[in-house]
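The entries follow in the order I made them.

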Amino acid sequence: MGRTELIYIVFGAVLLFALVLDLGLLSKKNTVVSLQTALIQTVFWVALSFAFCGFIWFEAGRQDATQYISAYLLEWSLSIDNIFVFIIIFSFFKVHENNYARILLLGILMAIIFRIIFIALGSELVARFEWIMYIFGAFLVYTGIKMFTSKEEDEFDPQDNWAYRSMKKILPTTDEEPNGKFIIFRNKKMLFTSLAMVVVMLGLIDIVFALDSIPAVFSIIPDPAKKLLIYSSNIFAVLGLRSLFFLLNGAANKFKYLQQGIAIVLLFIGAKMLIDKWIHLPVWASLVMIVVCIAGSILYSLYDKQKATA
């Protein structure tokens, strides 16, 4: 058995364990996840991701391990911004807390499927057309500038979102209280409840999120042959989304400058891709930039919040 095959087997086993744990223990119906439980779960997923990094270091060496953990932290930081969009969606549809866990699990399963498809397509494009990395870089720079300069009035509004409008036009929906159900029948007609609409919206919006995250991860791991590192870093970040949601729920207004921190990361990653032919920056430079920008924006947000209330 080769080294790559062994890493695939271990990753598959860890992924299966994670999904069984989610399905069997953490997704019980009518369960409200406490802040303490969310913190424990978040620590668990992060520890599991770092443990897999140690395994990659042991089996494939320091370079692959550094690429993996850099890509993981990049995806993890981008997912924080995505979580705040999820919080807005849940609030808009008035989803009860005891339904959060099940809906997020379904959203995460769809996210994993979409990421696998996007990574496979992206790897094929990069392998065939090297110049597409410049398009990825330019797109990330544009996204970073747009995110950095966005104002509060530009905040995500589900009612104006394309996914919501499309579902209202295409799907037979009802505003009736779902009582934990995704589909109800009235007069022999199948109707999708608000819970079903939330699940579909999470899946569709993750496609939009992937348009940022997948090009960004290729800046860290540009070799299409290392798809395993790209898959594992993305999927581990996605698996931790749910516990991170419960941890950050209600704290969105505390991280005022987080969006700017993420925007700077995207600007750096995009610029790195554009100049790579002439100036090659090591992977650890991206790792340092991600940690400094995200940690710095969170700390400064907390400081600014404390200063304002003093």
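Is Cys293 buried or exposed? I find Cys293 buried, because its relative accessibility is 11% and the cut-off for buried is under 20%. I note that the model is predicted.

**Cysteines**

I looked up Cys53 as well, and at 9% relative accessibility Cys53 also counts as buried. I then searched the whole structure for disulfides and found zero. A disulfide would be a covalent bond between the sulfur atoms of two cysteines.

**Nonpolar core**

I looked up the largest nonpolar core and got 91 residues. Phe90, Phe236, Phe245 and Ile269 have the most contacts inside this core. Helix α3, residues 62–92, supplies the largest share of the core, with 16 residues.

I took Phe236 from that list and asked what it touches. Leaving out residues up to four places away in sequence, I get Phe11, Val14, Leu48, Ser49, Phe52, Tyr68 and Tyr72.

**Aromatic pairs**

How many aromatic pairs does a search of the whole structure find? I count 20. A pair of aromatic rings is described by the distance of the centres and the angle of the planes.

I looked at Phe44 and Trp45, which form an edge-to-face pair with 5.0 Å centre to centre and 65° between the planes. Phe44 counts as partly exposed because its relative accessibility is 32%, whereas Trp45 is at 3% and counts as buried.

Tyr68 and Tyr72 form a stacked pair, 6.4 Å centre to centre and with 15° between the planes. Both tyrosines lie in helix α3, four residues apart, about one turn of the helix. An α-helix has 3.6 residues a turn, so residues three or four places apart point the same way. Tyr68 has 0% relative accessibility and counts as buried; Tyr72 is buried too, with a relative accessible area of 1%.

**Helix α6**

Which residues of helix α6 are buried? In α6, residues 162–170, I find Ala163, Tyr164 and Met167 buried. They lie on the same side of α6, because they cover an arc of only 100° around the axis. I then looked up what covers the buried residues of α6, and the cover includes α3 and α7, the latter at 194–220.

Conventions:
Residues are numbered from 1 along each chain as its sequence is written. This is a predicted model: local features need pLDDT of at least 70, side-chain atom pairs count only at pLDDT 80 or more; totals for chains, interfaces and linings use all residues. Side-chain values use heavy atoms; hydrogens and water are left out. A nonpolar core is a set of buried Ala, Val, Leu, Ile, Met, Phe, Trp, Tyr and Cys residues joined through side-chain atoms within 4.5 Å. Buried means under 20% relative accessible area, exposed over 50%, partly exposed in between (1.4 Å probe, protein chains only). Helices (H or I, at least four residues) and strands (E, at least two) are DSSP runs, numbered from the N terminus. Contact means heavy atoms within 4.5 Å. Rings of Phe, Tyr and Trp (its six-membered ring) pair if their centres lie within 6.5 Å; planes under 30 degrees apart count as stacked, over 60 as edge-to-face and the rest as tilted. The arc is that of the directions from the helix axis to the C-beta atoms. A disulfide is a pair of cysteine sulfur atoms within 2.5 Å.
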